[in-house]
Amino acid sequence: MLIFDNRYFFVPVIAWAIAQTLKVIIELLLKREFNAYRFVGAGGMPSSHSALVMALTTTLALDFGWDSPLTAISFIFALVVMYDAAGVRRAAGKQAKILNIIISELQQGNKIIDEKEKLKELLGHTPIEVVAGALLGIIVPYLI
């Protein structure tokens with residue numbers, strides 16, 4: 001059996017790909033620039049992590065029911081992933097932004113760090129981005 005024959009793999013990956021594509025489109029509309037990195041980058045609207053785990057949960061629920069142990073395990077896993085996206089990773093992104101400001105200020109006097117080594121600031125998600133990703137993850141299995 002090929003991996004793409006497995007709907008518990010394929011459907012979540014489709015939800016993830018749709019979320020990542022939406023990030024590119026949203027950035028194109030808002031900033032008027034094409035950023036191909038958004039196809040694979042973390043952070044932004046909607047949360048592809050949330051879309052992925054909720055698509056898996058919903059696919060399992062459609063096949064085995066919402067009261068299935070598999071669905072319950074997947075849903076708990078989804079909650080952990082979404083909490084991490086909106087909590088820990090978002091906090092790390094805020095810290096990276098502050099550190100980048102400090103580094104930039106220090107660089108004006110002395111070059112301490114190469115500009116290419118700036119910390120990645122867009123790591124986590126706002127709660128709205130997580131909810132949007134989760135909703136996308138719920139909708140995609142119904143459409144597929």
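**Figure 1. Helix H2 and the residue that follows it.** Helices in this predicted model are DSSP runs of at least four residues, numbered from the N terminus. By that definition, helix H2 spans residues 48–64 and is followed by Gly 65, whose phi is positive, near 95°. H2 contains 17 residues. From its first C-alpha to its last, H2 reaches 24 Å, close to the 24 Å expected at 1.5 Å a residue.

**Figure 2. The protein as a whole.** The protein has five helices and zero strands. From the N terminus on, its elements run α-α-α-α-α. Of the 144 residues in the protein, 34% are buried. Among contacts with a separation of 6 or more, 68% are accounted for by residues 24 or more positions apart. The accessible surface comes to about 8,900 Å², and carbon and sulfur atoms hold 70% of that surface.

**Figure 3. Buried residues of helix H2.** The buried residues in H2 include Ser 48, Ser 50 and Ala 51.

**Figure 4. The largest nonpolar core.** Eight residues form the largest nonpolar core: Val 53, Met 54, Ala 78, Val 81, Met 82, Ala 85, Val 130 and Ala 134. The elements that contribute two or more residues to this core are H2, helix H3 (69–86) and helix H5 (127–143). H3 gives the most, with four residues. In soluble globular proteins, nonpolar side chains tend to be buried together.

Figure 5. Leaving aside residues up to four places away in sequence, Met 82 touches Ser 50, Val 53, Met 54, Val 130 and Ala 134. A second, separate core comprises seven residues, among them Ala 19, Ala 55, Leu 136 and Val 140.

Figure 6. Trp 16, Leu 28, Phe 34, Tyr 37, Phe 39, Val 40 and Leu 52 make a nonpolar surface patch of about 660 Å².

Note on methods: Residues numbered from 1 in each chain as written. Predicted model: local features only at pLDDT ≥ 70, side-chain atom pairs only at ≥ 80, totals over all residues. Heavy atoms only, no water. Patch = residues over 30% accessible without salt bridge, like charges linked within 9 Å, V, L, I, M, F, W, Y side chains within 5 Å. Areas by Shrake-Rupley, 256 points an atom, 1.4 Å probe, with all protein chains shown as cover. Salt bridge = Lys/Arg side-chain N within 4 Å of Asp/Glu carboxyl O. Buried < 20%, exposed > 50% of the residue type's maximum accessible area, 1.4 Å probe, protein only. Contact = heavy atoms within 4.5 Å. Core = buried A, V, L, I, M, F, W, Y, C linked by side-chain atoms within 4.5 Å. Expected span 1.5 Å × (residues − 1).
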